[in-house]
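Thanks for coming, everyone. Let's take a quick look at this one, starting with charged pairs and then moving to the sheet and the cores.

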Amino acid sequence: MAWFLQFSLAAHVAATCPDDCSLNGFCNTDGTCSCDAPWRGESCAEIEVLPAQPGSMYGYYSSPNVSSWGGNAVRDDAGRYHLFVAEMAMGGLSGWAKESQCTHALASTAQGPFEKSGVAIGKWCHNPYALRHPVTGEYLLFHIGHGPLEDSSDFLHHAQSPFGPWLPAPTKPTSCNNPAPAFHPNGTLFVICNHMEITRASADPLDPHNTWSALRRMARLPANGTIDEARNWEDPSLWFDSRGHWHVLYHVYCLLPYSRKHECASGHAFSRDGLEWTFSNRQPYSGTVTFTDGSAPITFSTRERPHVVFAQHDLDRTTPVGVTTAVSPQQPSPECDTCRQNACSQCKVTPGRDWTYTQFQPFAGFSPADYF
């Protein structure tokens with residue numbers, strides 16, 4: 001009986017904390033949250049960000065129009081970082097549906113700057129998401145588009161070396177737009193497809209006998225019982241924390257005129273079991289990035305394709321120490337109303353304003369050695 005009372009008391013105390021501390025901390029007996037780094041706020045729903053290095057764009061770029069769009073880096077056994085990023089072979093992002101290729105770049109630190117090494121998968125390849133296999137160390141490159149070869153994979157390629165050669169995986173889900181993969185602590189590979197649908201590999205994803213099981217769509221159960229219908233959720237980045245909880249960082253956009261003063265940038269969803277999800281009403285970070293040299297902050301009109309960055313020693317990928325986002329340097333202003341759909345987030349695909357790049361921002365609470 002004692003254990004039952006103890007369990008009941010713990011459950012009661014946890015229930016008094018707002019949004020269960022977003023599963024980003026512990027509930028104290030007084031109903032307040034103690035947040036894990038880098039999370040903060042009453043319900044541990046916001047991320048405390050740090051200034052970014054000036055000019056340290058996560059990936060190479062050049063003005064006015066060599067455009068990259070999202071991407072993340074993986075570390076090799078020698079300590080080098082390999083960035084896989086969507087790059088426009090010609091022009092700006094407005095031509096992404098024809099000109100995007102999955103490019104490989106190299107740096108000595110997680111935040112770059114990166115120098116182009118070559119093209120991993122040629123046109124058409126977009127939205128790459130790189131992982132290393134937790135057992136074999138093999139490089140996995142998830143993406144959309146099958147490159148120049150019609151009989152190749154439009155979901156996943158793999159290679160023994162980050163320099164390739166890249167081989168198509170033998171199996172794939174029926175439909176998986178913008179795959180967001182993560183290995184569960186038990187070794188199972190889960191992938192969020194189509195922004196809010198979870199699928200699971202039945203075996204090693206490189207096993208020709210592997211099958212993909214669609215589990216369920218992530219129902220949007222809002223925090224505090226309300227949903228902001230103006231917020232549109234896309235581009236997930238999935239991870240599991242040290243307690244086994246599920247987390248997803250999203251890009252969130254609002255297709256509203258600038259005069260409405262309702263700009264969106266990010267979102268956080270969380271779950272204890274991957275079945276029941278809560279979508280926070282508070283965005284983890286805004287569209288504004290400050291810089292270590294004190295130069296003028298930039299408020300980007302959009303920060304898309306978030307990829308969570310983990311500490312270099314965090315082999316289990318449980319603690320975010322930074323984020324990379326695809327950004328448009330068009331700042332929110334009345335000029336946004338002359339972009340497509342009269343919305344700031346759509347300046348990125350408005351010809352003449354469609355130069356984009358990929359920005360790294362560190363989170364607070366960690367040593368620089370975690371991402372340098």
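A salt bridge here means a side-chain nitrogen of Lys or Arg within 4 Å of a carboxyl oxygen of Asp or Glu. Keep in mind that this is a predicted model.

By that rule, the count is eleven salt bridges. Take E197 and R217. Their side chains meet in one, at 3.7 Å from N to O. E197 sits in strand 15 and R217 in strand 16, so the pair ties together parts 20 residues apart in sequence. E197 is partly exposed, at 33% relative accessibility. R217 is partly exposed too, at 48%.

Next, E87 and K116. This salt bridge is 3.3 Å, N to O. It links distant parts of the chain: E87 in strand 6, K116 in strand 8, 29 residues apart. Buried or exposed, what is E87? Buried, at 6% relative accessibility. K116 is partly exposed, at 43%.

Four strands form an open sheet in the order 9-10-11-12, with antiparallel pairing. Strands 9 and 12 stand at the edges with a single partner strand each, so one side of each has no neighbour in the sheet. Strands 10 and 11 pair over four bridges. F142 has L156 in strand 11 as its bridge partner.

Last, the cores. The largest nonpolar core has 20 residues; M218, L238, V248, Y250, W277 and F279 touch the most other members. Strand 19 gives the largest share, four residues. Apart from that core lies another, of 15 residues, including L140, L156, V191 and C193.

How values were computed: Residues are numbered from 1 along each chain as its sequence is written. This is a predicted model: local features need pLDDT of at least 70, side-chain atom pairs count only at pLDDT 80 or more; totals for chains, interfaces and linings use all residues. Side-chain values use heavy atoms; hydrogens and water are left out. A nonpolar core is a set of buried Ala, Val, Leu, Ile, Met, Phe, Trp, Tyr and Cys residues joined through side-chain atoms within 4.5 Å. Buried means under 20% relative accessible area, exposed over 50%, partly exposed in between (1.4 Å probe, protein chains only). Helices (H or I, at least four residues) and strands (E, at least two) are DSSP runs, numbered from the N terminus. Two strands pair if DSSP finds at least two bridges between them.
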